[in-house]
Amino acid sequence: MPEIAYVNGKFLPLEQATVSVEDRGYQFADAVYEVVRTYRGRPFGLDEHLARLFRSLAAIQLEHHLDDGQLKSLINEAIQRGGFPETLVYIQISRGVAKRHRGVPDSYEPVFVMTVRELPDTRHIREHGITIVTVPDNRWGRCDIKSVGLLPNVLAYQTAHQAGANDAVFVEADGTINEATAANIFIIHRGRLLTPPEGPKILSGITRGNILDAARAAGIPAAERRITRTELLCADEAFLSSTTAEVVPILSVDGQKIGTGSLSLRIYEQFTKKFSSA
Ligand SMILES: Cc1ncc(COP(=O)(O)O)c(C=O)c1O
């Protein structure tokens, strides 16, 4: 099945899709993005993903003419055209093409890009878990915006790999943990599910929100509050959450083992009810 792309109004084979070298997304990371997946061929959490996309666009004052209904039908068309058993749709909107200058142009035409691929199989990491290292959180102060400026995430992920681990979790100087390089983090402490609160230090993950709902529906107490590295190291269980990988158990942090257990699995099973019943 060929991978496809959509660039400013046209579907075409991925390898033929191009944008200008003067695109501000390329020059300045002046762009935001979203990643939507399907379950049973249908996009999951589309309302929430689009609401977050509109929040990101508004936060960087990127003016556009996109609307919710139009985006929904484009995404559904992309999924149909791709024809994959399960699909991953990547959407990126930049502030368009302009002569390279940091000033926002008086007028611009946003560049809207989608890529449509088969959803990668993440069952292995979900079943086997991953190891993580902690790294200083040297990102900017608006991690709630889904910006394409991800160099600190790239470098933190590389640090993890060079240390023989699978991923990195960002930690502040005072020991506060925020999130992983492309996922939110949860711990289980004495039967309670804990995750860092929404705010500028984390991306408000769509999976994160659904997991909190799932835990509460299963009668597991859940709270959004500051978590420290020490608490992570002493957690009964810990996991990461994201659209593509769903729920991934953390086996160790900085070489120190963490328990793997039944509560994370129960939460994951409750979470899967959200799309298996849809
Ligand atoms: C930094 C970061 N945090 C959290 C997430 C998880 O968000 P979601 O569950 O919406 O995929 C992502 C996903 O890409 C991310 O990049």
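Q: In this predicted model, how many residue pairs are in polar contact across the interface of domain 1 and domain 2?
A: The chain is assigned domain 1 (4–119) and domain 2 (124–276). Pairs count here with both residues at pLDDT 80 or more. Across the interface of the two domains, the number of residue pairs in polar contact is 6.

Q: Which element gives the largest share of the side of domain 1 that touches domain 2?
A: The elements giving two or more residues to this side are β3, α2 (46–59) and β5 (87–94). The largest share is 8 residues, and the element behind it is β3.

Q: Is Arg37 buried or exposed?
A: Arg37 sits in strand β3 (residues 31–39). Its relative accessibility is 7%. Buried means under 20%. Arg37 therefore counts as buried.

Q: Which residue forms a salt bridge with Arg37?
A: Leaving aside neighbours within four places in sequence, Arg37 is in contact with residues including Thr243, Thr244 and Glu246. The side chain of Arg37 also makes a polar contact with the side chain of Tyr39, at 3.3 Å. For the salt bridge, the closest N and O atoms are 3.8 Å apart. The partner is Glu246.

Q: How many salt bridges does the rule find across the interface of domain 1 and domain 2?
A: A salt bridge needs a side-chain nitrogen of Lys or Arg within 4 Å of a carboxyl oxygen of Asp or Glu. Across this interface, the count is 1.

Q: What area is buried between domain 1 and domain 2?
A: The domain centres, taken over C-alpha atoms, are 26 Å apart. The contact takes 23 residues from domain 1 and 19 residues from domain 2. Carbon and sulfur atoms give 64% of the buried area. That area is about 1,800 Å².

Conventions. Residues are numbered from 1 along each chain as its sequence is written. This is a predicted model: local features need pLDDT of at least 70, side-chain atom pairs count only at pLDDT 80 or more; totals for chains, interfaces and linings use all residues. Side-chain values use heavy atoms; hydrogens and water are left out. Helices (H or I, at least four residues) and strands (E, at least two) are DSSP runs, numbered from the N terminus. Buried means under 20% relative accessible area, exposed over 50%, partly exposed in between (1.4 Å probe, protein chains only). A polar contact is a pair of N or O atoms within 3.5 Å; within protein, one must be able to donate a hydrogen and the other to accept it, and residues adjacent in sequence count only if both atoms are side-chain atoms. Contact means heavy atoms within 4.5 Å. Domain bounds come from an automatic or database domain assignment. Buried area is the accessible area (1.4 Å probe) that two parts lose on being put together, summed over both.
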